[in-house]
Amino acid sequence: MNCCLLLTFMLGIPLLWPFLIATENSETEEVKPPEGIHFRVKRGWMWNQFFVPEEMNKSSHHIGQLRSDLDNGNNSFQYKLLGAGAGNIFVIDERTGDIYAVQKLDREEQSLYTLRAQVIDTTTGRAVEPESEFVIRVSDINDNEPKFLDEPYEAIVPEMSPEGTLVIQVTASDADDPSSGNNARLLYSLLQGQPYFSIEPTTGVIRISSKMDRELQDEYWVIIQAKDMIGLPGALSGTTSVLVKLSDINDNKPIFKDSLYRLTVSESVPIGTSIGKIMAYDNDIGENAEMDYSIEDDSKTFDIITNNETQEGIVILRKKVDFEHQNYYHIRAKVKNRQVDEQLRIYHSEASTTFIKIQVEDVDEPPVFLLPYYVFEIFEGSPLGSFVGVVSAIDPDQRNSPIGYSVTRSKMFSIDDNGTIFTTNPLDREISAWYNLSVTATEKYDVEQISGVPVYVQVLNINDHAPEFSEYYEIYVCENAASGQVIQTISAVDRDESVEDHHFYFNLSMEEKNSSFIIIDNQDNTAVILTNRTGFSLQEEPVFYVSILITDNGIPPLTSTNTLTIHICDCDDNGSTQTCSNKDLMLSMGFKAEVIIAILICIIIIFGFIFLILGLKQRRKETLFPEKGEDFRENIFRYDDEGGGEEDTEAFDIVELRSSAVMRERKARRTPRAEIRSLCRQSLQVGPDSAIFRKFILEKLEEADTDPCAPPFDSLQTYAFEGTGSLAGSLSSLGSVVSDQDENYDYLNELGPRFKRLACMFGSAMQSNN
């Protein structure tokens, strides 16, 4: 293929000589200038265009010639080539100006070279013309094949995808010049992959042309070829491979390979034990192969779970099985996928099923007691060998082996071969009220078959313990103690259990009837010890021993004799036995700082409450006395002293009360002076006839007269006695608004000390108004 090298002088000086074209493997030939090219002469330089093939096989290839129009051919001019590539890639004949390429040129590595040319007169050593810069452009040939730069290619598409589904797009690249003919124009074709795949020739898009099943083949290799020059003869090509993998869809349901599974289970295995496995197979993978098993068992004896790692169905025991009751089971199992898309349910319309036959194996079982536990009762003090109770166990197996019994970890009881329990030692409820036994049953045909049952024995109480003092008493009595002085209170306890509450009776023994001390039973399980004479002598009898008889209320009742030790003490002047009692002395010295602090805190709290109550009372009194400039209003004082009520006809006459009320309504209003005087005359005459009530009213009147805190205004005091009423009418000033404003209140001074404050108050008010 012939190519040309374009040589251009950038100064634009026209060439006056013929246009030269150099072709690959050919000599330079002279051609006419192309139409439209004009030549101009400037300062003696000539320039034109030259073509050189891109990849030359020769060691030296002529490109063109530089020649000045001033050169007359006397060889006095010298041509020089300057710039990048001059001397190593391009050389010039200094005499003739011919330019040669001495190295192979590759447009893909460098498409142009910028050089400078200079002409020097050898006789003068001076430049004939200024330097001229020019560019050598390398023209393209189809020397590069297409290459797939994104290798390797891999695509994943779902299985059973329809025709036309996009798989992947491959793209090749050609290093040749795309503007130079068809050197870089590519065409794609499929070398391998039919009939399942197709490719678009110009875009490289691969599509599915036929449905594929992953379960038959899960991956495909597709080989793609790319040719340049649109596939014309002489075109170069490149190939690549595409690995197409099919992803799984849930288009297969799980299926049991076997229609019947046989399993066995021992009747002795516990609940929850795995008794076997069943397996279904699913051609899908991953989540599409996850499955759930289920069984149809009316007896609810078995269940099945799924092993998520192996996708096996594990049959487990849900209830205990008994060979003697049922020796085999026949159940049905199903399997289905756990996740199924709605559009794929057509493949899962019916679940796969299988049958499981489970055979129960007979084992030698241990004895079984008829009850889960036993409770027996026996009275304490029963003789050795007394009957306690009977336990019973049987062999559940068909051979019905005889049973032997034993009691473990007990020295108080024993058992015979019939299961009868009896005592071997005396029982005392006060030592132990309950015994927890473990009875073991053993098969005589197989001694390794053993089972146990708990047995609880309650020891019932009998009255076998007499009452006694609740504590040790050490009593002190003064020498000068008077007769009948209480010196100690005693109490008793009983270790026996009583159906009713314990009740104790205290008495002196027969030897103590004329003793110096006596006892009084308080009938509350306590008694007091008193002196029976006046005066004791520490020197003559320092200690007295008094025998006390205490009897309980048990059946039969028991009596015990208890001794009190009474010490004679030389008491102090106050008659205290503290100096004689080390116990009291230690107690008096045993007060700790915490107790004292607690007592002080209590005292402070009590005083705080007292001061708080006094302050509240003071505030209450202050509120009873408003300032003089404030309005005076009526107060009502109520005394919660109740009279006899309406049924008390002796205290007053209810008719008089009602008649008085009517009379008060009909009375015309009198002046305040007349009303107050009438009140003074009649206040001591009204009310009940009883002297007690009259005295009560007088006392209240006297308290009101002498109380300096009494309110200085009209007051209505109610004593809660329903008397016959008052003929004086009302003392209230509520109706005084109609009275004369110039009323004279000097008459109040004549009514005695009870009206002194009222007279002072109203008299001063009148003076201020005047």
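Start by selecting L600, which sits in helix α2, residues 593–624. Bear in mind as you go that this is a predicted model.

**Stop 1: along helix α2**

Now pick C602. Is this cysteine buried, partly exposed or exposed? Its relative accessible area is 43%, so C602 counts as partly exposed.

**Stop 2: the disulfide**

Next, select C478 and C571 and show their side chains. A disulfide joins the two, with an S to S distance of 1.8 Å. Searching the whole structure turns up one disulfide. Which parts of the chain does the pair link? C478 belongs to strand β38 (residues 474–478), while C571 is in the loop between β44 (559–569) and α1 (582–588). The two cysteines are 93 residues apart, so this is a link between distant parts of the chain.

Turn the view until you look across the S-S bond. The torsion about the bond of C478 and C571 is about -100°, which makes the disulfide left-handed. Then check how covered each end is. C478 is buried, at a relative accessible area of 5%. C571 is buried too, because its value of 14% falls under the 20% cut-off.

**Stop 3**

Move on to residues 526–531, which form strand β42. How many of its six residues are buried? The count is six of six, and the strand is described as mostly covered.

Show the side chains of β42 and look along the strand. In a regular strand, side chains alternate between the two faces of the sheet. Here T526, V528 and L530 point one way, whereas A527, I529 and T531 point the other way, and all are buried.

Bring in strand β39, residues 486–493, as a neighbour. β39 runs antiparallel to β42, and five bridges join them. To find your place in this pairing, select Q488, which stands opposite I529.

Select F517 here, whose bridge partner in β42 is T531.

Finish at the turn of the hairpin made by β41 and β42, where four residues lie between the strands. Click on Q523 in this hairpin: its phi is positive, near 60°.

Conventions: Residues are numbered from 1 along each chain as its sequence is written. This is a predicted model: local features need pLDDT of at least 70, side-chain atom pairs count only at pLDDT 80 or more; totals for chains, interfaces and linings use all residues. Side-chain values use heavy atoms; hydrogens and water are left out. A disulfide is a pair of cysteine sulfur atoms within 2.5 Å. Buried means under 20% relative accessible area, exposed over 50%, partly exposed in between (1.4 Å probe, protein chains only). Two strands pair if DSSP finds at least two bridges between them.
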